[in-house]
Amino acid sequence: MTAALAKSVLAKSTAHSIVEASPRSKAVAGGLVILYAVITILPLLWIVATAFKSQSDAIAYPPKVLFEPTLEGYVNLFTVRTRQTPDFIAKLPPPETWYDTLVRQRDMVSAGPSKVVPRFVNSLIIGFGSTFLAVFLGTLAAYAFSRFRIPLADDLLFFILSTRMMPPVAVAIPIYLMYRQLNLTDTRLGMILLYTAVNVSLAVWLLKGFIDEIPREYEEAALVDGYTRLQALRKVVLPQAVTGIAATAIFCLIFSWNEYAFAVLLTSGEAQTMPPFIPFIIGEGGQDWPAVAAATTLFVVPIVLFTVLLRKHLLRGITFGAVRK
């Protein structure tokens with residue numbers, strides 16, 4: 001009698017603790033997810049499609065969904081062109097490349113490469129360089145705050161976080177004057193240092209939560225076995241914190257990659273990145289929208305690849321530091 005009652009109570013508790021979603025609920029949830037995904041990705045798909053349109057198709061109203069694809073936007077992005085008369089073009093030797101042929105069909109001549117490649121390289125160097133430094137310094141600082149007794153640790157953490165509270169405009173003039181005195185304006189080093197200083201506060205706060213979740217007993221056992229503190233950090237803590245490091249790196253890279261205000265203020269030529277360069281891609285008679293779309297597509301590719309490569313760590317890394325025992 002007692003055994004039967006126990007089984008009955010266990011069956012009821014199990015039935016009430018695990019609720020199976022109905023087929024209708026699953027269909028509604030799936031439909032909402034698909035709708036959200038379509039709404040989110042539609043602007044990106046439209047930009048990619050615009051990069052393969054001609055200028056007339058790009059500005060057509062109503063917008064054209066079906067069009068004849070062309071690489072004119074990418075050719076305009078990577079080359080500088082000049083308008084010439086048909087008689088002048090007829091006297092030129094045959095075009096050597098496919099893009100020269102495409103340019104001459106518009107009664108234009110290629111005058112050389114554009115500045116998009118140097119600007120893209122600047123974005124890669126500054127973005128990944130500042131991300132590496134921010135994550136490296138943030139990991140060391142977060143480990144120190146997590147494992148050692150630091151006087152006024154809470155106040156110091158709040159001060160570190162407060163550096164992100166002010167908008168860039170509020171500190172733009174002092175930073176510009178300081179950089180001008182130090183000859184860091186329009187330099188890659190100056191932009192890397194600035195983005196590192198901005199990102200390191202985010203890195204410290206994120207990584208401290210991740211390191212707090214790693215049991216201290218692992219390090220204590222390693223120290224007993226003869227490891228130094230740095231060896232314990234490198235061989236014990238870092239392998240377990242890799243998910244948090246990956247998530248932090250993605251967030252830091254996204255900021256450095258998309259940052260516009262400081263890039264406009266502090267760069268103009270040698271160290272200019274893609275965000276301030278893209279809006280000034282001007283074609284004949286106005287904005288060259290296919291070239292702008294092509295530059296935007298090219299600009300999105302590295303950040304998407306970086307996120308995809310670290311995607312298995314991203315969800316785990318976002319939630320890991322927020323879970324408390």
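A charge sits over a ring if NZ of Lys or CZ of Arg is within 6 Å of the ring centre and within 35 degrees of the ring normal. This is a predicted model, in which local features need pLDDT of at least 70, side-chain atom pairs count only at pLDDT 80 or more, and totals for chains, interfaces and linings use all residues. Residues are numbered from 1 along each chain as its sequence is written, and side-chain values use heavy atoms, with hydrogens and water left out.

**Exercise 1. A charge and a ring**

Task: Find the ring that the charged end of Lys-235 sits over.

Solution: Go to Tyr-227. The charged end of Lys-235 sits over the Tyr-227 ring, 5.3 Å from the ring centre.

**Exercise 2. Aromatic pairs**

Solution: 

Step 1. Rings of Phe, Tyr and Trp (its six-membered ring) pair if their centres lie within 6.5 Å; planes under 30 degrees apart count as stacked, over 60 as edge-to-face and the rest as tilted.

Step 2. Take Phe-120 and Trp-257. Helices (H or I, at least four residues) and strands (E, at least two) are DSSP runs, numbered from the N terminus. Phe-120 lies in helix H7 (residues 116-147) and Trp-257 in helix H13 (residues 242-258), so this pair ties together parts 137 residues apart in sequence. Both Phe-120 and Trp-257 are buried; that means under 20% relative accessible area, with exposed over 50% and partly exposed in between (1.4 Å probe, protein chains only).

Step 3. Take Phe-128 and Phe-306. Phe-128 lies in H7 and Phe-306 in helix H16 (residues 289-309), so the pair ties together parts 178 residues apart in sequence. Phe-128 is partly exposed, at 32% relative accessible area. Phe-306 is buried, at 18%.

Step 4. Join the residues. Phe-120, Phe-128, Trp-257, Phe-299 and Phe-306 make up one aromatic cluster.

**Exercise 3. Cavity and pocket**

Task: Give the volume and lining of the largest cavity and of the second largest pocket.

Solution: 

Step 1. On a 1 Å grid over the protein atoms alone, a cavity is a set of points where a 1.4 Å probe fits but cannot get out, and a pocket is an open set with protein on both sides within 12 Å along at least five of seven lines; lining residues have an atom within 4 Å of a point. Grid points are joined across faces, edges and corners, and a volume is the space filled by probe spheres set on the points.

Step 2. Treat the cavity. The structure holds one cavity of 30 Å³ or more. The largest cavity has about 40 Å³ of space. Its lining consists of Ser-123, Ile-126, Gly-127, Tyr-195, Ser-256, Trp-257, Thr-273 and Pro-275. H7 and H13 are the elements that give two or more residues. H7 has the largest share, three residues.

Step 3. Of its 15 lining residues, Thr-163, Met-166, Val-171, Val-198 and Phe-262 are the closest to its centre. Helices H9 (168-181) and H10 (188-212) each supply at least two lining residues. H9 gives the largest share, five.

Step 4. Sort by class. Ala, Val, Leu, Ile, Met, Phe, Trp, Tyr, Cys and Pro count as nonpolar, Asp, Glu, Lys and Arg as charged, and the others, Gly among them, as polar. The lining of the largest cavity has four nonpolar, four polar and no charged residues. The lining of the second largest pocket has 13 nonpolar, one polar and one charged.

**Exercise 4. Backbone exceptions**

Task: Locate the cis peptide bond from Tyr-61 to Pro-62 and the positive phi values of Leu-152 and Asn-183.

Solution: 

Step 1. Recall the background. Most residues other than glycine have a negative phi, and most peptide bonds are trans.

Step 2. Check omega. The Tyr-61 to Pro-62 bond is cis, with omega near 0°. Pro-62 lies in the loop between helix H3 (55-58) and helix H4 (72-78).

Step 3. Check phi. Leu-152 has phi near 55° and sits in the loop between H7 and helix H8 (153-162). Leu-152 is exposed, at 61% relative accessible area. Asn-183 also has phi near 55° and lies in the loop between H9 and H10. Asn-183 counts as exposed, at 61% relative accessibility.
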